[in-house]
Amino acid sequence: MPSEEASTFSEEQEALVLSAWDAMKGDSAAIALKFFLRIFEIAPAAKPMFPFLRDAGEDAPLESHPKLKAHAVTVFVMACESATQLRKTGDVKVREATLRRLGATHVRAGVADAHFEVVKTALLDTIEGAVPEMWTPEMKAAWEEAYDQLAAAIKEEMKLAAAA
């Protein structure tokens with residue numbers, strides 16, 4: 001049954017998100033890496049939260065870190081695919097096991113609400129940069145809504161993981 005929150009994602013918002021994702025899909029690996037580089041540009045202190053980056057030297061370029069590239073693609077594609085299905089499914093669609101794992105991983109890493117805001121800003125900046133000719137206040141609002149619902153689902157799993 002669709003949650004009340006998810007039902008606020010309109011047909012127009014869905015169309016905007018779908019059109020942007022369709023335009024980005026072909027270059028999703030490069031866009032995903034830009035997304036994570038933007039996260040670290042906004043919040044350099046977030047790097048140690050990623051265990052696979054702890055062994056990377058200070059001078060090692062993040063752009064060529066293979067584990068960062070793989071992680072970036074996984075996260076970016078999951079966020080975009082979840083956004084495109086929001087209205088149709090009436091809820092955030094990420095496999096339940098994946099959502100549980102995300103909750104536990106984010107708790108272990110010490111992720112706080114402020115980190116979700118950094119990721120949101122980075123995601124919006126990255127999508128705007130990827131599809132500037134399509135970017136409008138309405139598209140921004142659609143991606144904000146989709147991201148907020150995904151973040152809320154992850155935060156809920158984080159509460160459950162922290163209480164376990």
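Asp-125 is partly exposed in this predicted model, with a relative accessible area of 28%, where partly exposed denotes the range between buried (under 20% relative accessible area) and exposed (over 50%), as computed with a 1.4 Å probe on protein chains only. The side chain of Asp-125 meets that of Arg-38 in a salt bridge, with a distance of 2.8 Å from N to O; a salt bridge is here a side-chain nitrogen of Lys or Arg within 4 Å of a carboxyl oxygen of Asp or Glu. Arg-38 lies in helix H2 and Asp-125 in helix H6 (residues 113-130), so the pair ties together parts that are 87 residues apart in sequence. Helices (H or I, at least four residues) are DSSP runs that are numbered from the N terminus.

Arg-38 itself counts as partly exposed, at 24% relative accessibility, and its side chain also meets that of Glu-41 in a salt bridge, again with 2.8 Å from N to O. Within helix H2 (residues 28-42), Arg-38 and Glu-41 are three residues apart, which means that about one helical turn separates them. Glu-41, at 56% relative accessibility, counts as exposed. Taken together, Arg-38, Glu-41 and Asp-125 are linked in a network of salt bridges.

The structure holds six salt bridges, and another of them joins Asp-113 to Lys-155, with the closest N and O atoms 3.4 Å apart. Because Asp-113 lies in helix H6 and Lys-155 in helix H7 (residues 137-163), this pair ties together parts that are 42 residues apart in sequence. Lys-155 is partly exposed, with a relative accessible area of 25%.

When neighbours within four places in sequence are left aside, Ala-23 is in contact with Val-131 and Met-134, contact being defined as heavy atoms within 4.5 Å.

Residues are numbered from 1 along each chain as its sequence is written, and side-chain values use heavy atoms, with hydrogens and water left out. As the model is predicted, local features need pLDDT of at least 70 and side-chain atom pairs count only at pLDDT 80 or more, whereas totals for chains, interfaces and linings use all residues.

Technical notes: Helix = DSSP H or I, 4+ residues; strand = E, 2+ residues; numbered from the N terminus.
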